[in-house]
Amino acid sequence: MILDSTLKIADGARLAGHAGDTIGQVLAGVQQVAGIMVEITSASAEQRAPASNR
């Protein structure tokens, strides 16, 4: 019974570690997309500006 509980705890810890890794990957992807959106916004603003302001 103790061995079974220990194995379940170890398995749960492993799964939690994988979940943490996945969340980290998602966060990195979101940050990358946010950076691209900032670049697009900046480029759009530059294109909207009159030629004399460039």
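Author: One term to start with: buried means under 20% relative accessible area, exposed means over 50%, and partly exposed lies in between. Also, this is a predicted model.
Reader: Fine. How many helices and strands does the protein have?
Author: One helix and zero strands. Helix 1 covers residues 2-48.
Reader: What does the C-alpha trace span along its principal axes?
Author: About 80 × 10 × 5 Å.
Reader: And the radius of gyration, against a compact globule?
Author: The protein has 23 Å. A compact globule of 54 residues would be near 10 Å.
Reader: Give me a pair of residues for scale. How far apart are I9 and R48 in space?
Author: They are 58 Å apart, C-alpha to C-alpha. In sequence, 39 residues separate I9 from R48.
Reader: Is I9 buried or exposed?
Author: Exposed. Its relative accessible area is 62%, and the cut-off for exposed is over 50%.
Reader: What share of the residues is buried?
Author: 0% of the 54 residues.
Reader: How much accessible surface, then?
Author: About 4800 Å² for the protein. Carbon and sulfur atoms account for 66% of that area.
Reader: Switching to charges. How many positive and negative?
Author: There are 4 positive and 5 negative charges. Their mean positions sit 8 Å apart.
Reader: How many salt bridges?
Author: Two. D4 pairs with K8, with the closest N and O atoms 3.4 Å apart. D11 pairs with R14, and there the closest N and O atoms are 2.4 Å apart.
Reader: Where do D4 and K8 lie?
Author: Both are in helix 1, four residues apart. That spacing is about one turn of the helix.
Reader: Why are D11 and R14 separated by about one helical turn?
Author: Because they are three residues apart in helix 1.
Reader: Back to accessibility. Is R14 exposed or partly exposed?
Author: Partly exposed. R14 has a relative accessible area of 44%, so it falls between the 20% and 50% cut-offs.
Reader: Good. That's what I needed.

Technical notes:
Residues numbered from 1 in each chain as written. Predicted model: local features only at pLDDT ≥ 70, side-chain atom pairs only at ≥ 80, totals over all residues. Heavy atoms only, no water. Helix = DSSP H or I, 4+ residues; strand = E, 2+ residues; numbered from the N terminus. Buried < 20%, exposed > 50% of the residue type's maximum accessible area, 1.4 Å probe, protein only. Rg over C-alpha atoms; globule rule 2.2 N^0.38 Å. Areas by Shrake-Rupley, 256 points an atom, 1.4 Å probe, with all protein chains shown as cover. Lys, Arg positive; Asp, Glu negative; His and termini not counted. Charge placed at Lys NZ, Arg CZ, Asp CG, Glu CD. Salt bridge = Lys/Arg side-chain N within 4 Å of Asp/Glu carboxyl O.
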